Amino acid sequence: MSKEYNPGEIEPKWQKLWEQNGLYRAEDFSKKPKFYCLDMFPYPSGAGLHVGHPKGYTATDVISRYKRMKGFNVLHPMGWDAFGLPAENYAIKTKVHPDKSTHQNIKHFKEQIKSFGFSYDWQREIDTSSPEYYKWTQWFFLFLYKNGLAYKAKAPVNWCPKCQTVLANEQAQNNKCDRCESPVSQKNLEQWFFKITDFCDDLLAGLDKIDWPEPIKTMQRNWIGRSEGYEIDFEVKNQEKKIRVFTTRIDTIFGCTYLVLAPEHGILSALKENIDNIKEVEGYIESAKKKTEIERQAETKDKTGVKLEGVVAVNPANNKEIPIFVADYVLAGYGTGAIMAVPAQDQRDFDFAKKFNLLVIEAANSWEMAEKGIAKKKVNYRLRDWLVSRQRYWGSPIPIVYCEKCGEVPVPESDLPVLLPTDVDFMPTGESPLTKSREFHNVKCPKCNTKARRENDTMDTFVCSSWYFFRYADPQNKKEFAGKKLIDYWCPADLYVGGAEHAVLHLLYARFFVKALCVAGLIGFDEPFLKLRNVGLILAEGGVKMSKSKGNVVNPDDVIKQYGADTLRVYEMFMGPFDQAIAWDTKGVGGVYRFLQKIYKLQFKVQSSKFKAAVQSLKLEKLLHKTIKKVGEDIEQMKFNTAVSALMILNNEMEKEKEIPLEVFRQFLLVLAPFAPHLAEELWSKLGRKESVFLQEWPEYDKSLMEEETVKIVVQINGKARGSVEAAKDISEAQAVELAKNSDRINKWLLGREIKKAVFVKGKLVNFVI
């Protein structure tokens, strides 16, 4: 029996045996209660895993192992978000076809993930770039299309010049591409959209019933941006035309001193003949087209605009004439594309009025217009429909064909998947590479059987990830994206763990997909993830972000090679609160390795005969049961750092003993197992156990051993705490008063004073009245 801890020998051995025995396979329709524990699946970049990835994966693995031991049927799957810009950009950089480079990266990622000993059910592995998967991504497109939730429209879109593709608003926040951080410009293009805006109220209401971090809920509420207000018409003087505005403050209308139109507002062309400075206005409109919505609405941006000379509006509240401006900070897609400006009430309006020397009126608030019914109640939303077209190669083709006779025609479900062509150059040019494929466009119209042409664009990769959690429930199904019975059994996911950066992207889109399916009656629930928890970043030593350019990225392969996977797992759970960003500390890794070495050596102290020192045995047993309780509760609450701390405290106490009772060590290994599975399995087998430690039940703690024999009694003088004393929990009043009097800390307050009264609260308090 080796006396030295050797993870390089132990860990591969157990990983191989676990896989051979299918230890972590989920059982469909088991009578056990189910627990679906889900990680946000990674996109397989060329760089491989960094130490930030396994922090979340270790947490879900600890929970999955714990839940199995608690009697749950656990579904804990893993797969690959393989389509999209990250994979394609890597292929472009290496000049290797994305199909080849992506699957090389997947192979490397999988090897790395397996080296941690995570308890994934690999039989359910998915790859979003496989035809077997994207057939169903295309099915979802058709499902939305047939239900009026997918449409094509010409619209101003965000364009990344470096990635050579359009971006959804959620992918162009701060006016930068979320992938390459290039400045984003604006283009007017025909694009495909999903009508997520049909579900604004459902998406808001659902947030109240799911266990998600409040900051994520707040971000989604703000992104959806529901606002209740009124619509009211302003007449254009001497014209049979009206400008309808939306306002949340109809009570301030008497203070409205000008109107502002979005550059895209339709009335500008209708008033063209009446606007004296039309060339100036048209020049301003053209310049606005070059800016993104985010750029136009930036708070720090200097407000620009042009007054429409020759036309004025009439304020319906007081019949006063007011000027009309066109300004790019007003968006056509929000409200009516026109606002009433009340500079005395709104800072943005005030800044604009100050710049253009406009009237500012301090007006009393009034609801008269609303009460008379002149203004109509209206609800508006900030959320825009989801733009899903991409002018790139590496994505799921959109299942639409165009026929000169029949127009836009959906591909029949029986013809799915529409396969990505291989006869194209995947390098980006600004238009979809699929445009130039002969094999791809060799297609006939499904309606009239005449020559047709396929849609050139591919889908946003977030479409692939909006439904992947269903596929894990039934990954081999060739007839449906997943069978209804298996969806009903496994879904929704009970726990979802991943980064907060997807708050208004993947997390919002996945909720939209589920709600659309629920409304259509295809599933019986309307939220995909019942509980969400975010992973805090792992920073480089010194507290800065890890980056290849700074040379401070820690490779998990190197850590595992030096210290073993269990060390890395335990360290990442111990380094601090799970949801907080914490800096890497190499010394801390070494400390955890020494902790596991000490545990390994405890096996040589295990005594199977009855423990001789009964008093010491009872003390250790009590600490064991406190640890069982603490670790179990901490895992449930994802307080992994304090769970590891409790294991360290128990280990330290066991180290002090010459001999350790077998039963104490056995139960210690059970609570250690979710954190350091290889070490626990190795020591479990050395106790002569043939069945895996992970097939054992989680130990129950004995409540009678949790009770403290001593209590802390607070001592007060005239109601003010002056100290405390340790006493037997059943101490009498006379004994407690005497103990308190004789305490050095209390005695100095009583010297020379007469004690008029002593108040005793059993087990808690002695108060001297002097």
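**Core, helix and backbone**

Analyst: I would begin with F470, which is buried at a relative accessible area of 0%, where buried means under 20% relative accessible area, exposed over 50% and partly exposed in between, with a 1.4 Å probe and protein chains only. Please keep in mind that this is a predicted model, in which local features need pLDDT of at least 70 and side-chain atom pairs count only at pLDDT 80 or more, while totals for chains, interfaces and linings use all residues. Residues are numbered from 1 along each chain as its sequence is written, and side-chain values use heavy atoms, with hydrogens and water left out.

User: Which residues have the most contacts inside the largest nonpolar core?

Analyst: They are F194, W386, F470, F481, W584, F668 and F675, in a core of 181 residues; a nonpolar core here is a set of buried Ala, Val, Leu, Ile, Met, Phe, Trp, Tyr and Cys residues joined through side-chain atoms within 4.5 Å. Helix 5, residues 131-146, gives the largest share of this core, with 10 residues. Helices (H or I, at least four residues) and strands (E, at least two) are DSSP runs numbered from the N terminus. Apart from this core lies another of 45 residues, among them I243, I250, I253 and Y258.

User: What does F194 touch?

Analyst: Leaving out residues up to four places away in sequence, F194 touches F141, L144, L149, A150, D385, W386, V388, V463, F512 and F513, with contact meaning heavy atoms within 4.5 Å. Of these, F141 and L144 are among the buried residues of helix 5.

User: How many residues of helix 5 are buried?

Analyst: The count is 12 of 16, so helix 5 is largely enclosed by the rest of the structure. The buried ones include Y133, W136, W139, F143 and Y145. Just after helix 5, G148 takes a positive phi of about 75°.

User: And F470, what ring does it pair with?

Analyst: F470 forms an edge-to-face pair with F481, at 5.5 Å centre to centre and 75° between the planes. Rings of Phe, Tyr and Trp (its six-membered ring) pair if their centres lie within 6.5 Å, and planes under 30 degrees apart count as stacked, over 60 as edge-to-face and the rest as tilted. This pair links distant parts of the chain, since F470 is in helix 14 and F481 is in the loop between helix 14 and helix 15, 11 residues apart. F481 is buried too, with a relative accessible area of 8%.

User: How many aromatic pairs are there?

Analyst: By that rule the count comes to 58. Another edge-to-face one joins Y468 and Y472, at 5.7 Å centre to centre and 75° between the planes; Y468 is buried at 0% relative accessible area, and Y472 is buried at 0% as well.

User: Switching to the backbone, which peptide bonds are cis?

Analyst: The bond from L416 to P417 is cis, with omega near 5°, and P417 sits in the loop between strand 18 (407-410) and strand 19 (443-444). The bond from C491 to P492 is also cis, with omega near 0°, and P492 lies in the loop between helix 15 (484-490) and strand 22 (495-498). For context, most peptide bonds are trans, and most residues other than glycine have a negative phi.

User: What about N238 and M638, buried or exposed?

Analyst: N238 counts as exposed, at 72% relative accessibility, whereas M638 is buried, with a relative accessible area of 8%. Phi is positive in N238, near 65°, and in M638, near 60°. N238 is in the loop between strand 8 (227-236) and strand 9 (242-247), while M638 is in the loop between helix 20 (614-636) and helix 21 (640-656).
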